[in-house]
Amino acid sequence: MLKKILYVLLALIFLVVVGGFLYYRLVIYTPPLISDEDRAKIEIMPLPASLKIYNGDIDLREGINISFINVQSDYLNKAANRFVNDLESIYGISADENGVSLEINCSEQSESNIPEFGNDESYSLEIENKIILTANTQFGINHGLETILQLVKQNEEGVTISKLKVEDEPRFPWRGVMLDVCRHWMPKEVLLRTIDAMAAVKMNVFHIHLSEDQGFRVESKVFPKLHEIGSNGKYYTQDDIREIVTYAAERGIRVVPEFDVPGHSKSWQIAYPELSTVSEHLSFANESGELFSPPMDPTKEEVYVFLDKFIAEMITLFPDAYFHIGGDEVEPKYWNESESIQSFMKVKGIKDAHGLQAYFNLRIYDLVKKHGKTMLGWEEIMNDDLENDVVIQSWMGQKSLFEAVQGGKRGILSAGWYLDHKLHSDKHYAVDPLILPGAVDMAPDTTCWKTYDITLEIPSGEMESKLTLFDRDSENVYGFLEFLGNRTGFKNGQNKDGQLTFLLESQMGEVKFSAQLLSDTLFGKISLAMFNFAANGKLVAGSEIQGTKLPPIEVIKPLTDNQKTMILGGEAAMWSEVVDKDNVDSRIWPRTAVIAEKLWSPATLTANVDDMYRRLEKCSDYLVQRGNPHKMQQDVILHALIPDQGFTYLKTLVEVLEEVKYYERMANLENMYAVYLPDLEMNGVVDAARPESLSAREFNTKVNAYLLDRENSVLKAQLQEQLEMWSLNNKNLEPWLTSNELQKVSRLSEAFSSVAKYALQMVNEEGSTEQSEELMKELSLLENGENGMLCAVAEGLRELCTN
């Protein structure tokens, strides 16, 4: 009897263990989409949704033999021909009937070869004895061919591709690049090669910013003055536009036009003054020193008649279902100062400029819808009266994206993906459209707090803000500032003898706040890049003010599953104030590949920053092989600045420099408003310095590894060799720093070599642990920069010099 009970117990235990294991494997356990082992073997970007690598490779030296299953079309033939051309130009592989079989199985052909929002872009790839690419549509086939190109490996032994299986589809259906061709003109060739690079990383929306204060860039046969007078002579003909749209469509990319109204529209008004709010003559010169120009007059019926005819013409050029009306940064003072506009508002019961823009947007919405298009605009267009089919593009902060979808509208994200901010790739990689950053995460001190109503004196008038402080400890003040439509938290502020200072990170850059606190008032300033705003405030609430309450700590509700689907994706944004055709590629690429991965790959695969950088360097080289000049643009600019004998030394310096971040570049111009003039040239050293130096990141990483393991002789030797070269570079470069332009890097060059020499002494264990004041000044110069440039290896050099 005892044995039977024992057997039963053992059987029960066995069933529990096995059943638990099976439940875990079948229900709870989620296998990795790509194992760490397989991930380390690939160098592609973006990562596919799932991938499994098997043992063995296929030799491709005999070429590839392409055949079609089910569907063959002119569209697919062109895709296959591009694929073969790229194989030959990159890897030396040609199409050959005796080569490895590539079967392209497209189960159905879309009725139109013009891509549309929501197209099925999925595909699968099996590589064993042959390559089988399967997709439901031609657009999925395009993506699969791009993946094959990146998977090919070339080394001394030959050209191969791993045996593997891929199942792939995009995370978001809207994956775009916005290019401003107005502030500085971008010829058609720039647009075409941008499209090529976008296709290589599976992006599918090319958003072209086609009208601006500085220029109107499309030929209009209905209103010819737009391009004849409003373009400064630089515009795309209608045939150019058709070519661009067709070129993009063949690569699975939609083209979305943006014509910015009612603000950012000086070029329209120069051509057709009757559209303007003001009566005086406008010109492209910005001698007044004002950032914003007059908007169109929303009270004139002729404005809407004009825009109705204009939209009717433009939709014949741009077949996409979406039409971008801009709508951002409308300067209200012109409307507020117009007697006729104020009278109109009074009759219509419109309270303020925001309400007048809402009226304008509703009128434009009706026009866009009348012509069969869906309206898209920057977040300022958002209001409850607009129908929910409008798409909101969030640029100032992700909060507006969440508010849009929680209000029933759809949205796309650009905040955090502004390429003109010159941020590093890891900053862009940290952005996720479904995760709201910058939420106030500090615990409020309900017994010691103050709230001030703040008035900011900005160029166009006044802006209201609000500041809440928790300052029980004067050395550790924290709180939040409501600024630019967002509430942003800050920590580690200080309040010394009534002098308040703190820093916070906003979507527009680092905000510096300083003010003198009196009994119930505040006098100070806010600094944001090159802007300084007076900030005057009044104490309105606080723990010591009876009857007042602590402002609620705003909590954005989590998105529902349905609301998540209303976030369509996002766009990298390349504004062109301080770029032109000769360096714009180096500002877009390779960083945009990181954004492409965030929008294509599953979120679980986009958290490993080190692996991202490993693959980004390969992707950068791959884009060059595909014909993108982003790497060469630096050399072209530098060669024009210095004789060949000095080029190597100048390049050594500039390779470790970066352009300053956010809008600090403008602060380094003699006249910051010059960036809005069409003839400003972008051919200086700062224009050659990249937004991110990958070689500098590699050096800084080596320094960190060395400091953790000083016995590592390989790392030590690598650092010694690098520092030795850098320490001598200024001596070699100095004789060539004779022009006014090259003199702009003379101090940086001298400090760079001097600090590198000291760092070398420390690595050689010959330096002193007591650093001189001069060394600290030189390090500070490298870190803070000069003339729009900073030294990206300053971090690593400081670590070596001070440890």
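Which residues are linked with Arg39 in a network of salt bridges?

Analyst: Arg39 is linked with Glu597, Asp611, Arg614 and Arg615 in a network of salt bridges, a salt bridge being a side-chain nitrogen of Lys or Arg within 4 Å of a carboxyl oxygen of Asp or Glu. This is a predicted model, in which local features need pLDDT of at least 70 and side-chain atom pairs count only at pLDDT 80 or more, while totals for chains, interfaces and linings use all residues. Residues are numbered from 1 along each chain as its sequence is written, and side-chain values use heavy atoms, with hydrogens and water left out.

A search of the whole structure finds 46 salt bridges. Side chains of opposite charge can pair when their charged atoms come close.

Helix α16 spans residues 584-588, where helices (H or I, at least four residues) and strands (E, at least two) are DSSP runs numbered from the N terminus. Asp585 forms a salt bridge with Arg193, with 2.8 Å between the closest N and O atoms. This pair links distant parts of the chain, since Asp585 belongs to α16 and Arg193 to helix α5 (residues 188-200), 392 residues apart. Asp585 is buried at a relative accessible area of 0%, whereas Arg193 is partly exposed at 22%; buried means under 20% relative accessible area, exposed over 50% and partly exposed in between, with a 1.4 Å probe and protein chains only.

Arg587, also in α16, forms a salt bridge with Glu659, the closest N and O atoms being 2.9 Å apart. Glu659 sits in strand β26, 72 residues away from Arg587 in the chain. Arg587 is buried, with a relative accessible area of 1%, and Glu659 is buried with a value of 1%.

Glu659 forms a salt bridge with Lys422 as well, and there the closest N and O atoms are 3.9 Å apart. Because Glu659 lies in β26 (residues 657-659) and Lys422 in the loop between β16 and α14 (425-429), this pair ties together parts that are 237 residues apart in sequence. Both Glu659 and Lys422 are buried.

Gln393 has Ile412 of β16 as its bridge partner. Three bridges join β15 to β14 (residues 374-378), also in parallel, with Val391 of β15 as the bridge partner of Leu376. Both faces of β15 (residues 391-394) are covered, as Val391 and Gln393 on one side and Ile392 and Ser394 on the other are all buried.

Asp709, Glu711, Glu765 and Glu766 gather in a patch of negative charge on the surface, patches being made of residues with over 30% relative accessible area and no salt bridge, with like charges joined within 9 Å. Glu711 lies in the loop between α23 (694-708) and α24 (713-733) and is exposed, with a relative accessible area of 70%.

Terms used:
Patch = residues over 30% accessible without salt bridge, like charges linked within 9 Å, V, L, I, M, F, W, Y side chains within 5 Å. Areas by Shrake-Rupley, 256 points an atom, 1.4 Å probe, with all protein chains shown as cover. Lys, Arg positive; Asp, Glu negative; His and termini not counted. Charge placed at Lys NZ, Arg CZ, Asp CG, Glu CD. Pairing = 2+ DSSP bridges.
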